Amino acid sequence: MRRLREHQLVTLELDQPTASIECLVLGIDGGEATLEPVEQEQLTLLSTLGHNALLTFEYRSLLITLRGTARRDDIERDARFTVTDRVTVPQRRRYARVDVALPLKVRPLGADGTADGEVIDTVTRDLSADGLLAEQLLPPAQALWRLELEVPDNGPTVVCEAKIVRHVGGGTGMRYTAISAEDRQRLRQYVAARKRAILANLRKKAR
């Protein structure tokens, strides 16, 4: 089965104008993939209305080509590719996620939203603007937590509330339940910057 994956390098080919844009997959939601061009200025080759396009990527040593439409998203400053041929792509989270270890403090909250326990020092395993995976295995009976997350972007500590959504591999998956729009945007930008760094490293290794 043909599949796309986050962090995968793909090629977006346009007919008008004729262009080939190398991209990194930031995320996949239903039949739409969010792409980050290797050369950011190539976003200007796309219109906000969309172009007929082909998306080519490698899957298990085979080259797969999907037909669809590509457009520029000026708000998020990225590209979107929507599949129009018959292909199944995996459902993904709303926001792109990246593996990263950042200092994290968690503290249980009572039903009234007040702190109700000791602070636990841990780190993240991965992070998105929607939630994170904490290294610490937190008790499932305690649903709500206060988070203090240190993001290396020269900004203040991100303070928010979150709930436990799953336990995996000895860690705890959490989704934010109360976070400011500014902090969510900071996290989105940080994740995008990390993914661009991953892409740069992949390109160096490919040379």
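Buried, for today, means under 20% relative accessible area; exposed means over 50%, and partly exposed is in between, with a 1.4 Å probe and protein chains only. By that cut-off, buried residues make up 42% of the 207 residues in the protein chain.

Now the ground rules. This is a predicted model: local features need pLDDT of at least 70, side-chain atom pairs count only at pLDDT 80 or more, and totals for chains, interfaces and linings use all residues. Residues are numbered from 1 along each chain as its sequence is written, and side-chain values use heavy atoms, with hydrogens and water left out.

The overall layout, then. The protein chain has 13 strands and one helix. Helices (H or I, at least four residues) and strands (E, at least two) are DSSP runs, numbered from the N terminus. Read from that end, the order is β-β-β-β-β-β-β-β-β-β-β-β-β-α. The C-alpha trace spans about 60 × 35 × 35 Å along its principal axes.

Contacts next. A contact means heavy atoms within 4.5 Å. Take the contacts with a separation of 6 or more: 56% of them join residues 24 or more positions apart.

Surface and charge. The accessible surface comes to about 11300 Å², and carbon and sulfur atoms hold 48% of it. That area is from the Shrake-Rupley method with a 1.4 Å probe. The chain carries 31 positive and 29 negative side chains, and the centres of the two sets lie 5 Å apart. Lys and Arg count as positive, Asp and Glu as negative; His and the chain ends are not counted. Each charge is placed at NZ of Lys, CZ of Arg, CG of Asp or CD of Glu.

Is Thr172 buried or exposed? Thr172 counts as buried, because its relative accessible area is 0%. Its side chain reaches the backbone oxygen of Gln136 at 2.8 Å. Leaving out residues up to four places away in sequence, Thr172 touches several others, including Leu132, Leu137, Ile164 and His167.

Last, two loop residues. Most residues other than glycine have a negative phi. Arg77 is not a glycine, yet has a positive phi of about 60°. Arg77 lies in the loop between strand 5 (62-73) and strand 6 (78-83). Its relative accessible area is 55%, so Arg77 is exposed.

Asn154 also has a positive phi, about 70°, and is not a glycine. Where is Asn154 found? Look in the loop between strand 11 (144-149) and strand 12 (158-168). Asn154 counts as exposed because its relative accessibility is 86%.

Terms used
Polar contact = N/O pair within 3.5 Å; in protein donor to acceptor, adjacent residues only side chain to side chain.
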